[in-house]
Amino acid sequence: MKDNNKITFSRRSFIRTSALASGGLLIGFNFFSACKESATPPVDISQLDFKDFNAFIKIAENGYVTIFSPNPEIGQGVKTSMPMIIAEELDVPWSHVSVQQGALDTKNFQRQVAGGSQSIRFGWDALRQTGATAKQMLINGAAAKWGVDASTCNASDGVITNSNGETLGYGNVVNEAAQLEIPEDVALKETKDYKIIGKDAINVDIDKIITGKPLFGLDYVADGMVYATILRPPAFGQILESFDATEAKALPGVIDVITIGDKARKYLNQDKFDPSAHWSVRLAETDKVVVIGRTTWDAIKGKKAIKAIWKDNSALESTEIHDKALNDLLNGTKFDTRRSDGNVKKAFANADKVIERVYESPFLPHNCMEPMNFFANVTHEKVHLVGPIQTPEAAAKVVSSLLNRDLEDIHVDMTRMGGGFGRRLYGDFVYEAAEISDKLKRPVKLVSTREDDMSTGVYRPAIKYKIAASIKDGGISGYHLKEAAINSNMYGLIPNFFPAGAIENYQVDTANYQSNITTGAWRAPYTNFLAFAEQSFFDELAEELEKDPVQLRLDLLKNVKDGEDQSIEYSAKRMTDTIKLAAEKGNWGNAASNVYQGFAAYYSHNTHVAEVVDITLNNGKPIIEKVTVAVDCGIVVNPTGAKNQVEGGVLDGIGHAMFGDFNFKDGKPVDLNFDTYRLIRMNETPKVDTYFVENNLSPTGLGEPGLPPAGGALANAIKAATGQILLKQPFSKSLKERKTDLTV
């Protein structure tokens with residue numbers, strides 16, 4: 001890793017936020033007011049008079065700082081951790097900082113996106129530069145006031161001190177600092193000097209979360225606002241033919257019944273559109289019936305009273321059709337080769353033995369606790385959008401085109417999200433809300449029910465993997481993975497993960513079946529199931545080679561020389577260190593005689609994770625006792641938040657591997673609510689112990705990487721306990737067939 005302790009940048013790049021492609025929050029200070037030397041925390045910060053610096057920060061006279069966090073908060077903790085980084089380099093006490101959610105502001109912020117576990121990774125350098133440069137400007141201002149050299153001064157906790165012991169609060173030198181040039185050579189803190197980074201910090205929204213104060217999209221209310229629900233085609237492949245709203249309009253509380261979809265179709269038929277939003281707009285283009293009510297309940301009752309006639313527009317697909325299509329692809333010859341090292345065909349031809357397995361996973365809905373919703377108020381002056389969205393900039397651009405409005409007219413405020421998991425990357429519900437408001441000429445809140453969310457997409461695609469390995473002279477001589485997926489594949493990224501580079505003859509091929517069932521990103525896209533398949537397969541290889549599963553992985557990693565193959569995404573050294581830490585903390589190989597263990601290690605979203613699952617048997621039934629997790633994500637900004645992310649990902653991975661199942665019959669989802677769709681329950685969650693590899697490398701993401709290894713470690717533990725090889729998710733089906741239902 002490069003040395004980031006010295007950063008050089010220009011006055012222009014500082015004032016205009018940041019020219020870094022990585023983006024993130026950067027405070028463009030050009031004047032200051034406050035951070036007095038004798039600042040004491042007030043009881044009620046809402047009573048303070050905060051002064052605006054710019055789009056990024058406010059400071060009160062007593063030293064309290066408000067930092068606007070620009071990235072969407074979906075529970076991954078960036079609203080806490082990103083301001084922590086700024087406050088660290090600015091050197092103000094964290095207890096003097098309050099945080100507010102920033103609005104979409106493409107002029108002052110970059111990459112206002114929540115996706116791919118990238119917020120902290122992309123923002124790290126820019127955030128540090130922000131705080132450090134601001135602090136240096138204040139030091140320079142104090143030095144000018146004292147008539148001394150700035151190198152003889154230092155700042156700590158909002159107070160500047162010179163070599164004579166004299167002190168000035170930041171607020172005492174704000175005018176001097178504002179008149180000075182932006183420093184071009186800024187020293188960043190050494191990790192040993194951190195006071196905030198690496199220390200536990202409470203979620204900045206925790207009070208509102210636990211007391212039910214307005215915070216989420218569903219909480220947002222505006223004067224004159226009405227509510228909307230949408231009646232959508234009941235099956236994928238159907239479109240609206242006609243409808244009768246007579247009974248609905250007669251209900252008290254129902255204001256109007258309209259249709260939408262034409263603006264989205266018009267957008268898609270343009271010669272020019274944003275390709276990245278093309279798929280998302282598809283969700284909004286179908287003709288739909290919208291019921292407007294005074295309350296959500298009024299709108300929902302009205303929707304139930306609509307008599308609609310739907311006609312088939314394309315094939316009504318069922319799970320049986322998908323299953324056959326994926327099998328045909330796996331057994332066929334039409335593949336795209338994503339990576340090919342050495343000569344797999346020759347390795348298999350010369351093998352002493354070939355092992356082959358097929359792994360299967362179903363569609364999965366996102367099931368965010370907060371269903372999709374969004375507020376829109378389209379007026380002649382502007383388009384005001386408020387709600388939970390992971391991609392606010394992309395949504396604003398599409399709405400601009402849909403409504404034929406200048407982008408400057410589109411104003412987006414982000415609320416905290418009750419879960420995202422990739423579903424809120426797609427702004428179909430934003431486009432629908434905007435079209436409804438434009439048609440009504442009044443403010444409207446579009447609200448989905450749980451049934452709406454589960455029946456209209458977006459889903460994790462159903463996938464099957466055929467993995468084969470050739471064994472020669474007691475070692476793995478070749479590895480061939482074939483993927484068959486509904487709609488989308490692994491693209492060019494995943495084939496560069498382990499075991500790429502660790503096996504001389506290595507090939508990955510993909511094929512897909514195009515379906516009218518909409519699919520998209522689901523927490524830890526692609527790797528969420530691939531990790532289970534590969535890590536389970538490696539345990540079988542270890543058994544065949546009579547090797548310890550952990551040692552097999554460590555031996556393979558010895559074949560990888562970091563930096564030699566630039567296409568390899570992971571670090572062999574970091575993965576090795578992570579595996580060893582998990583094995584040590586998980587007491588691998590030394591557990592009690594009644595404890596059966598399973599292991600998995602995986603790299604995804606720039607982070608290395610290894611997990612050990614402990615299982616015991618009770619009357620022949622496996623019980624998950626504990627999961628031990630080791631993580632290398634570089635510097636841990638907020639340990640409390642980091643553990644929450646890792647442990648949440650583990651439980652999510654275990655729950656969906658065990659129970660997640662989603663099927664279709666004649667284009668319709670079989671399950672529409674939690675009465676039939678099985679999720680892991682609170683009393684089923686095992687203990688999770690999390691450990692972090694200590695290093696001074698730049699931080700990487702945590703929202704997703706804890707999930708992928710969980711399914712593989714669990715499957716391997718079940719195999720160790722029962723002898724049963726699990727090839728298909730959800731595991732509960734296979735276990736039930738063997739009458740060995742899992743107890744957690």
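1. A search through the whole structure turns up 39 salt bridges. Keep in mind as you read that this is a predicted model. Side chains of opposite charge can pair when their charged atoms come close.

2. Start with Glu73 and Arg416, which form a salt bridge with their closest N and O atoms 4.0 Å apart. This pair links distant parts of the chain, 343 residues apart. Glu73 sits in the loop between strand S4 (65-69) and helix H2 (78-90), while Arg416 sits in the loop between strand S20 (410-414) and helix H13 (428-440). Are these two buried or exposed? Glu73 has a relative accessible area of 1%, so it counts as buried, the cut-off being under 20%. Arg416 is buried as well, at 7% relative accessibility.

3. Next, have a look at Arg128 and Glu89. Their side chains meet in a salt bridge, at 3.7 Å from N to O. Arg128 belongs to helix H3 (residues 119-146) and Glu89 to helix H2, so the bridge links parts of the chain that are 39 residues apart. Both Arg128 and Glu89 are buried.

4. Then there is Arg339 with Asp565, a salt bridge whose closest N and O atoms are 2.9 Å apart. Arg339 lies in strand S15 (residues 336-341), and Asp565 lies in the loop between helix H16 (549-557) and helix H17 (572-585), so the bridge ties together parts 226 residues apart in sequence. What about burial here? Arg339 is buried, with a relative accessible area of 8%, whereas Asp565 counts as partly exposed at 34% relative accessibility.

5. Ile202, Ile206, Ile209 and Ile210 make a nonpolar surface patch of about 380 Å². Of these, Ile209 is found in helix H5 (residues 206-211).

Key
Residues are numbered from 1 along each chain as its sequence is written. This is a predicted model: local features need pLDDT of at least 70, side-chain atom pairs count only at pLDDT 80 or more; totals for chains, interfaces and linings use all residues. Side-chain values use heavy atoms; hydrogens and water are left out. Helices (H or I, at least four residues) and strands (E, at least two) are DSSP runs, numbered from the N terminus. Buried means under 20% relative accessible area, exposed over 50%, partly exposed in between (1.4 Å probe, protein chains only). Patches are made of residues with over 30% relative accessible area and no salt bridge: like charges are joined within 9 Å, nonpolar side chains (Val, Leu, Ile, Met, Phe, Trp, Tyr) within 5 Å. Accessible areas come from the Shrake-Rupley method with a 1.4 Å probe; for residues, only the protein chains shown count as cover.
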